[in-house]
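Dear colleague,

Please find below the structure that I am handing over to you. My notes on it follow directly after the sequence and coordinates.

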Amino acid sequence: MVEVQFRFRDDEAVNDAAVTVDAFVAEDFAQTNATAVRIEPGDDARALLPQLDRLALIEVNFPAWTDGRGYSSARLLREAGYTGEMRAVGDVVIDMLGHLQRCGFDAFAPDKALNPDDAKNAFARWDNVYQATVVDGRQAIWAKRHPA
Amino acid sequence: MYKYDEYDQQMVDTRVAEFRDQVRRRISGELTEDQFKPLRLQNGLYLQLHAYMLRVAVPYGTLNSVQMRLLGDIADKYDRGYGHFTTRQNIQYNWIKLDETPDILAELATVEMHAIQTSGNCIRNISSDQFAGAAADEVIDPRPYAEMLRQWSSFHPEFLVLPRKFKICVIASEKDRAAMRLHDIGIKMIRNDAGEIGAQFYAGGGMGRTPMIAPMIRDFVPLDQLITFAEACLRVYNRYGRRDNKYKARIKILVHELGRDEYVRQVEEEFAHLLTQPIEPPMAELERIMAHFANPAFETGAADDLDLSDPDFRLWVERNTTAHKQAGYIIATISLKPVGGIPGDATADQIRLMADLGRDYSFDELRVTHSQNIVLPHVKKADLYTVWKALDEAGIGTANIDTVGDIIACPGLDYCSLANARSIPLAQKISQRFGSAEKQAEIGELKLKISGCINACGHHHAGHIGILGVDKKGVENYQLSFGGSEGADTSLAKITGPGFDEDGVVDAVEKATQVYLANKQGEERFLDTYRRIGMDPFKEAIYG
Amino acid sequence: MKILTGNDLKSGAVIWWTGVGWSLDVNDSADVADGGAAIIAREEGVQNVFAAYVVDGVKDETGVRPGHIKERIRALGPTVRLDLTLKPSDPQAVNWVI
């Protein structure tokens, strides 16, 4: 079990065993009563939408950090209202931590533990952001330029 | 033109700090080359044949004289006294040192420049019409929309590790000067029947090993949904774009494999969903940006005539200038293609001279064109002779825009680690073969484009005459093709037949021009004659 | 012969393995035979080189000539800017490449 190195949630740690997306949706979501699922890069995260409420943990796997499908998966599940833990697992690198967070990740379990100082810098790197992803709760630069 | 506010400045400054930190970790060994490579690429730093190469972004090809001057100074201070202007309206330096790169970026940031996303599998620098804001035929200045997209695409967290690179182009006139439909997304700003401005989207174009012309995917996106629609296009691409084969990872393959209609259906579905998310900047933001692109203070009633008594100047005016929307002004294109020269290269001194001319005679504005030339967009006609004189003395007064001498060529095997053959020596030989003004005048418009490998950075697919360098058992070999175009009449060039060695392809080009001259009717350009008579007469002359 | 080349980490310069260290001059290249992979692993590990690989070359009385044109251009410099190559005053240098 890879350890969660960074977690930005106040609730109890979730350690339910994650099933695959295929297993979770099988038999019209009736095959398993799992509360955790693991999304692989090729999975269509939208398949989870009908039973999102059931989930307490979504792991998004990055076999290679250069495959960015997990960013879209995480963000669209957040857009759909998922509030449980969204955990990035696998080849999670320092330089992408802030961007992962902006797409809705709030827990990080890298295969290889990251230098904590470098990681801290990476999370704090961007005081401002150009886009509203909405799911990170941050105000975009354009919104700051034009306060309502 | 656009001026950074404190936020924009902070973004580039933060990037400098981030990259400085990445370089530190690389040099200390904390990052291996495999880990560092995607990071340095996202900042435009390549490893080429002889050294690191740094590509600096020139957003939508527009820059002011202070920026241009600094580009010259960087060439002197950190490189070997010259820079290379690229087909994506950027500039690159060929002899960069890794440990100096953070300092270069810090200097660039002082003049609101950067190298953000000039490489890597992310949204690249947004390209545009080099005559934007000056052309007599434009619907509206496309650059405010390009600037909106620049900000949206900079560090967009969802789209930093796409299947492959992603190039967006924005134009706003019927005449396409930016090869819009050969981009991953092409956007044409239009006015609809109700008189409203909106964006027409094209997706899935590109050159490379599988050239495709982008189909239209939406005829009108309202201005207050522009970013949301772009986001939908990217999300569908990120979800489905192939990751198993880098040669099939561009959006053109996705659009082709899904079919245009299915891609459109998915984008519209995602778009409908994203419209429920408050991600679109307000119109006030667009208006803020537009204010930066207001017309310069043109003099009304400026004299509209030119003294063309100097025959060399007359030729340059005929070849290198374009009508301006303002009476008394003209758009001047500086050719970086002197006879026998290296296409797109300029010395530090030449760069600084162009900066000064931009400052003194073009309302402090310059443009980089996808044909690797530089534009002074707003020259008063009364000043034009002075400008040309200064250019001519500096060796960049060549009168050859859009002629056979105005060759687009990638750096090729002289610099590029991907190339299979050299491009530049071939461009030099061709420009020498057709070097005389008489010959160029006789042949007229002929766009010749050379790529040193199948990635097609030299746009050979879109050349009236296109040349592709290949490696034939360790020997350079050149394939010839005819009939490409990047204009509103975009078409892809067709290969003539077996390839040639360097001298052979120069001869073949000459024979092709002879066939054209023998068959030309009226005002036909090479391309028109080719389209009318077809490949056979050319083939016969070349291989016969 | 098999010769070993790569780039200097900080400068990016093209360098060639001499048997004991690295040189900018291809003519200093040593024959690494089938020992290339081990040298690469060791030298990349201590940051003396990166992006290293083994190529074919031929040695004669004039020096070492890599087998492929790409490596010969790497060894010399851009053929269109002889002033920037390792042989700025030798107009015949291009012929060595082709």
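**Chain A: overall form**

In chain A, 47% of the 148 residues count as buried. Please bear in mind throughout that this is a predicted model.

Chain A contains five helices and six strands. Along the sequence these elements follow the pattern β-β-α-β-β-α-β-α-β-α-α. Taken along the principal axes, the C-alpha atoms of chain A fill a box of roughly 50 × 40 × 30 Å. The radius of gyration of chain A is 16 Å, which agrees with the value near 15 Å that a compact globule of 148 residues would have. Among the contacts in chain A with a separation of 6 or more, 56% are accounted for by residues 24 or more positions apart.

**Chain C: the sheet and its helix**

In chain C, five strands form an open sheet, in the order 3-2-1-4-5 and with antiparallel pairing. Strand 3 (22-23) and strand 5 (63-66) of chain C stand at the edges; each has a single partner strand, so one side of each is left without a neighbour in the sheet.

Helix 1 (residues 36-45) of chain C packs on this sheet, where it touches strand 1 (2-7), strand 2 (14-17) and strand 4 of chain C. The direction of helix 1 makes about 140° with that of strand 4 of chain C.

Strand 4 (residues 50-60) of chain C pairs with strand 5 of chain C in the antiparallel sense, over four bridges. As regards individual residues, C:Gly57 has C:Pro66, in strand 5 of chain C, as its bridge partner.

**Chain B: the contact with chain C**

The contact between these two chains takes 21 residues from chain B and 20 residues from chain C. On the side of chain B that touches chain C, 12 residues are nonpolar, three are polar and six are charged.

**Chain B: the surroundings of Asp129**

B:Asp129 is placed in the loop between strand 6 (127-128) and helix 5 (143-153) of chain B. Is this residue buried or exposed? B:Asp129 counts as buried, because it has 29 C-beta neighbours inside 10 Å, and the cut-off for a buried residue is 20 or more.

Leaving aside residues up to four places away in sequence, B:Asp129 touches B:Ala135, B:Pro142, B:Ile171, B:Ala172, B:Ser173, B:Arg177 and B:Ala178. B:Arg367 lies 238 residues apart from B:Asp129 along the chain, and the C-alpha atoms of the two are separated by 9.3 Å.

With kind regards

Note on methods. Residues are numbered from 1 along each chain as its sequence is written. Chains are lettered from A and ligands numbered from 1 in the order in which they are written. This is a predicted model: local features need pLDDT of at least 70, side-chain atom pairs count only at pLDDT 80 or more; totals for chains, interfaces and linings use all residues. Two residues are in contact if their C-beta atoms, placed from the backbone, lie within 7 Å. Ala, Val, Leu, Ile, Met, Phe, Trp, Tyr, Cys and Pro count as nonpolar, Asp, Glu, Lys and Arg as charged, and the others, Gly among them, as polar. Helices (H or I, at least four residues) and strands (E, at least two) are DSSP runs, numbered from the N terminus. A residue is buried if 20 or more other C-beta atoms lie within 10 Å of its own, exposed if 12 or fewer, and partly exposed in between; C-beta atoms are placed from the backbone. The radius of gyration is taken over C-alpha atoms; the globule rule is 2.2 Å times the number of residues to the power 0.38. Two strands pair if DSSP finds at least two bridges between them. Axes are lines fitted to C-alpha atoms, for helices over the stretch in contact, and angles run from 0 to 180 degrees between N-to-C directions.
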